[in-house]
Amino acid sequence: MMHSESRKVDTVELVKDYLKNPIFRDATLIQSEILKCIRKVLDEKGFVELLPVTVSPITDPLNHPHFETEFEYYGQKYSITKSMILHKQVAVLVHKKIYIVSPNVRLETEDKMESGRHLFDFVQIDMEMLNASREDVFEVMEDAIIYTIEKIKEKYPDIIKKYHPDLKTPKKPFKRYTVKELKEKYGDNYEKLASLNATEPFWMIDIPLLEREFYDKQDPNRPDVLLDFDLIYPEGFEEAISGGEREHEYEQILKRMKLKNTPFEQFEEYLKVAKEGLLEHSAGCGIGIERFTRWLLALDHVEKTRLFAKTPGKHSI
Ligand code: AMP
Ligand code: MG
């Protein structure tokens, strides 16, 4: 266990680093362009940008160990948003295509400090489409990624040459591999090894039923897998996106929650809406902005992609 002093990032040194190390200037410039480009592609495809929900009595239960962020307000328990997944399922009933530049707080455990991929406060562009399939989501996100890379190479050739000179613009359609075939080829460490072996981003599909949360849709024809996916970056940079088609039928949601021992109480308000039959079929995903920046610049850690980054196990302003 670390002492709290050694966890503390020296603020004066941090500010000096911002001023003398060009990496922060370069990475934030690229990140600003990423946000502009993804917004442009989604806007042109008719998506409506909504404002983020940052606190709510319901949020993503997540599928991995982390600390909770609960606080009480006039007798009601709230959490800081871990993802807007359940809110997206409602918001997409109001506008058929939506996205949110969504800050997420996930109090990741300190073993993630050196993963290079984790912050405990990060931003994802979270999108959702009504009556859509995962193929529809692939189409939108492939366009967004390709456009962003083309634009950044055109606008900031010197930065790309300095950090990631062999960055290739991927071609549509991105390849798809099932988790089953990746496991057969690479064994348990399939995500890392498949990423290291790849030269372009690829979709990893058909994630086993119990490996994801209740809101990702079970394939009605192959009940041991979900109609969901991750996008994996090449060159060892691993996960870029997670998403899927969604469960929307009350009985099915209950069944899926039971399978994962999800406590119903925390999702009471969401379940009421589902029981009323108000939810409809949708599909969507979230792309981590810091991770996209990290890959484009081939950086060792996402903490270099933003100012005041919050690295698991460390304290910073
Ligand atoms: P999820 O749906 O939980 O996979 O989150 C959506 C996306 O957000 C992921 O695919 C990552 O790109 C990004 N993301 C998730 N957790 C973190 C984290 N702790 N730090 C940085 N980015 C993250
Ligand atoms: Mg994920």
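Guide: Happy to, and keep in mind that this is a predicted model. Let's start with an open sheet of three strands, paired antiparallel in the order β2-β5-β4.

Visitor: Which strands stand at the edges of that sheet, and why is one side of each left without a neighbour?

Guide: The order runs β2-β5-β4 and the sheet is open. The edge strands have a single partner each, so one side of each has no neighbour in the sheet. Those strands are β2 (55-56) and β4 (71-73).

Visitor: Over how many bridges do β4 and β5 pair? And which residue in β5 stands opposite Tyr73?

Guide: β5 covers residues 76-80, and its pairing with β4 is antiparallel, over three bridges. As for Tyr73, the residue facing it in β5 is Gln76.

Visitor: On to the ligand. Where does ligand 1 sit, and which strand gives the most to the shell around it?

Guide: Ligand 1 is in the largest pocket. Three strands each supply at least two residues of its shell: β8 (121-130), β12 (238-245) and β13 (282-288). With four residues, the top contributor is β12.

Visitor: How do the shell residues divide by type?

Guide: There are 14 residues around ligand 1, and Arg106, Glu108, Leu119, Glu239 and Ala240 come nearest. By type, the shell splits into four nonpolar, five polar and five charged.

Visitor: Which residues put a polar atom 2.8 Å from an oxygen atom of ligand 1, and how much of the ligand does the protein bury?

Guide: A backbone N or O atom of Leu119 is 2.8 Å away too, but from a nitrogen atom of ligand 1. For oxygen atoms of the ligand, Ala240 uses a backbone N or O atom at 2.8 Å, and Ser242 uses a polar side-chain atom at 2.8 Å. Taken alone, ligand 1 exposes 480 Å², and the share buried by the protein is 89%.

Conventions. Residues numbered from 1 in each chain as written. Chains lettered and ligands numbered in written order. Predicted model: local features only at pLDDT ≥ 70, side-chain atom pairs only at ≥ 80, totals over all residues. Heavy atoms only, no water. Near = heavy atom within 4 Å. Polar contact = N/O pair within 3.5 Å; in protein donor to acceptor, adjacent residues only side chain to side chain. Areas by Shrake-Rupley, 256 points an atom, 1.4 Å probe, with all protein chains shown as cover. 1 Å grid on protein atoms, 1.4 Å probe; cavity = no way out; pocket = protein on both sides within 12 Å on 5 of 7 lines; lining within 4 Å. Sits in = over half its atoms within 2 Å of the grid points. Nonpolar A, V, L, I, M, F, W, Y, C, P; charged D, E, K, R; others polar. Pairing = 2+ DSSP bridges.
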